[in-house]
Each structure stands twice: as C-alpha cells, then as structure tokens.
Amino acid sequence: MKLEDCQNFEDFRKLAKKKLPSPIFAYIDGGSDDEVTLRRNTDAFNDCDLVPNILASVGSPDLSTTIFGKKIDLPIFLAPTAMQRLYHHEGDKASAKAAEKFDTFYSMSTMANTTIEEISKISKGPKLFQLYVHKDQSITDDLIQRCKNSNFDGMCLTVDTLVAGNREKDKRSGFTTPPKLSLQSLFSFATHPNWVFNYLTHEKFELANVSKKTDKGTNISKSVIEYINEQYDPAMNWKDAEYCVKKWNGPFALKGVMSVDDAKKAIDIGCTAIMISNHGGRQLDGSRSPFDQIKLISDAVGDKLEIILDGGIRRGTHVLKALAAGAKACSFGRMFLFALGAGGQKGVEKVLQNMHDEIYRNMILMGCKSIKELDNTKLIYRK
Ligand SMILES: Cc1cc2nc3c(=O)[nH]c(=O)nc-3n(C[C@H](O)[C@H](O)[C@H](O)COP(=O)(O)O)c2cc1C
C-alpha cells in the first residue's frame, strides 16, 4: 500500500501500522477500557440517513464555514493531538503546513513537541490552541500569553481529561513520553529502523511548550497516564474555566461538553463555541457519543454558540450528517494522525484532499449549494 492509494480511514491506518513501532501505533489507535465509546463514536452516524433534494442546480458547492472568528474553506479541521513528533519527525509542523494549504484550522495541543512561536512563524493559516489547566497556574497563564503574542485565532480548554482514561493498550506496550525502550517494545523498535533513524537524527523530543517549566515528559520518562495525573488539576471547576475565558478574551471553546446543561453554562461564562467530544473514546468509556448528543444540544443552544462535533469522523458523509444535525464544523484526530504517520505533510494533505473531495461530491449529490443548506430537514433518524 502506498500513500497515493489510500482511499479511506482503514487504508491510512494500515499504512501507519506498517511504519510506526507498535506502542506508538497503539497510542493513536486505542481507547479506554473496553473501547465501547470509541466504536460507538463512528457507529452512531449509521443510525440516520441523509435525504437528498434533486435538480437543485448546485454547480460548485461552497464548503466554507466560519468558526473562532475565521472563515475557513473546509468544514473539517485537525483536532489537537499530543506528541505528533512521534508519528512523523516533522510532527506539528507538517500538520500546520498541510492545514494552511487547505485553509482550515490546525490545532496545537498543550502536549505538542513544537513551540507556539515556531508554528506561528511557519504558518499563516488559522490556528487554535488547546489548553490543559495545570496544577501550577503559572504554566497555564504563560501558555495563554504566548498564544496571544503569537496571534493564535482561538483557544479551547479540554475539560474531559482531569484524570487520564484507562488506556490498557498503553499499559501493555509500556508507552511513555519520551519513548523509552522496554523489554515489551524492543522488538518493535528494532523492526522499524527508518522510524528510529528519523527519531534520533531530528530535533530532540520534548514537550516543547512546557519543558522550561517541568522536566517531566521531556527528560524524565513518564507514562501518559502518570503525566496527566501529576500535571493537570483534577479539581478544575467552572471558575477556573471562566478565568481562562477572561484571560484569553477572544474566541473560546470548551472541548468535551456532552450535556445541554453544561453547554448553557459555557454560554454563561462567555464561551463562543463548544466542542462536543468525549476525547475520541479515550476517557470515560460507556459515555455517549458526540453524534448521538448533538441534536439535543443544538436544539437547546445552537443559536447562541458555535457547535463543533469532534470524534468518530471517518467519512465526508459523517461531516454532512453532523452539519445537518447542528454543527458549524467538525474536527478529527486519528484519521489525520494515521495519515501523518503514513506520509508526513503529504499524508495530511492527502487525507484533507480526500475529505474535501468526499464532502464536495456529496454536497452535489445532496442538492446543497452551501453548508448552510444542510439542516435538519436533510436528516432522518431510523428510530
Ligand atoms: C493520539 C491522540 C492524542 C490526543 N491528544 C489530545 C490532546 O493533547 N489534547 C486534547 O484535547 N485532545 C487530544 N486528543 C483527542 C482529540 O483532540 C480528539 O478529541 C479525538 O481524536 C477525536 O476522535 P477521533 O480520533 O475519532 O477523530 C488526542 C487523540 C489522539 C488519538
């Protein structure tokens, strides 16, 4: 399988599996506990059907939408994901450049391996920063200020990761940040010499935005579970979230909202957006999927907040269904990470091109000239 032949999620996944040492592949691929929520996130899209209108003289549909105060060309963007340097040696830089080419958002995780300042230098595209609230408040304040100085367009605060989910694949593989050789993983690293060569001959692995404040995760190997549980504040509350909203003073989303009540509270503290998300099924297993929940939330607050659906997206039609159910845009994680692992910047460009083509073609088949025309009359639930 070559990158050019990758048609869908499974193709990118297979190619990434070939290229990445197994603990790293499993870190991307896995969910928490029994992965029930991970599977449901995608399966939920199959419980409803799109209803097309015919002879609508669509011509070339307009795929643009506006989120975080920015008009973007595609209604899908790259979700914030940690440690991209492990999936390809160009890491976040490759993702940011690919997103810029498609005029859509690149999102930087607090746990990125590239600094806020470096990304701002190499990309003029739309940029979102994902914040975790640290026990050490000076880290949180520093991240917000640096994003302001570097002209990031928006910020999202992840609220579903106060402790790490139980990711058993990572426990079994001994996955750590930075990666460390263990007996379990030795064979897998030894059989991926290209990955090892690129890892050793490019920039040093570090959690670049926080490494000046803490050695952990950069010079001291930690499992991701240990890292999250040591660094992030499990007592975070609405006051802390409001503090971040005020400090940022610009377009702001809570990432991980799943209930109508919490969506209403997000409005009360000044958020302009919410990301309906369960962290890609990596946190609370058995929790509801974003697509199962979007209509309820959108009916209640869709006119007061930008709604972003995050999780389970594998096809252009999933994006169309989410938009019809009330989203202004969607974000995806694993699909672009597998593409990054499979082919670096070219891989991410390929997955964005595939998504563009699927959304474009299906908009014509739906009889929709713009994504505003995708409303709830275009969707019927089976039960
Ligand atoms: C490998 C990996 C790392 C992630 N790291 C972060 C992170 O640092 N911060 C965050 O808010 N979400 C993180 N996420 C969750 C994504 O932002 C997103 O919610 C999730 O991937 C969406 O589900 P999908 O993979 O089915 O598209 C991560 C997801 C994956 C797969």
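Is Cys-147 buried or exposed? Cys-147 is buried, and its relative accessible area is 0%. The close-ups below come from a predicted model.

**View 1. Cys-147 sits without a disulfide partner.** Look for the nearest cysteine sulfur and you land on Cys-156, 10 Å away. A disulfide is a covalent bond between the sulfur atoms of two cysteines. Searching the whole structure turns up zero disulfides.

**View 2. Cys-368 is another buried cysteine, with a relative accessible area of 0%.** Its closest cysteine sulfur belongs to Cys-48. The gap between those sulfurs is 14 Å, which is too far for a bond, because a disulfide needs the two sulfur atoms within 2.5 Å.

**View 3. Phe-9 and Phe-338 make one of the 14 aromatic pairs.** The ring centres are 5.6 Å apart and the planes meet at 70°, so this pair counts as edge-to-face. Phe-9 belongs to helix H1 (residues 9–19), while Phe-338 belongs to helix H15 (residues 334–366). That's why the pair ties together parts that are 329 residues apart in sequence. Both Phe-9 and Phe-338 are buried.

**View 4. Phe-9 also has an arginine over its ring.** The arginine here is Arg-314, which lies over the face of Phe-9 at 4.2 Å from the ring centre.

**View 5. Arg-282 lies over the face of Tyr-27.** Here the distance to the ring centre is 4.8 Å.

**View 6. Four aromatic residues form a cluster.** Say hello to Phe-189, Trp-195, Tyr-199 and Phe-205, linked up by ring pairs.

Note on methods. Residues numbered from 1 in each chain as written. Predicted model: local features only at pLDDT ≥ 70, side-chain atom pairs only at ≥ 80, totals over all residues. Heavy atoms only, no water. Phe/Tyr/Trp six-rings, centres within 6.5 Å; stacked < 30°, edge-to-face > 60°. Helix = DSSP H or I, 4+ residues; strand = E, 2+ residues; numbered from the N terminus. Buried < 20%, exposed > 50% of the residue type's maximum accessible area, 1.4 Å probe, protein only. Lys NZ or Arg CZ within 6 Å of the ring centre and 35° of its normal.
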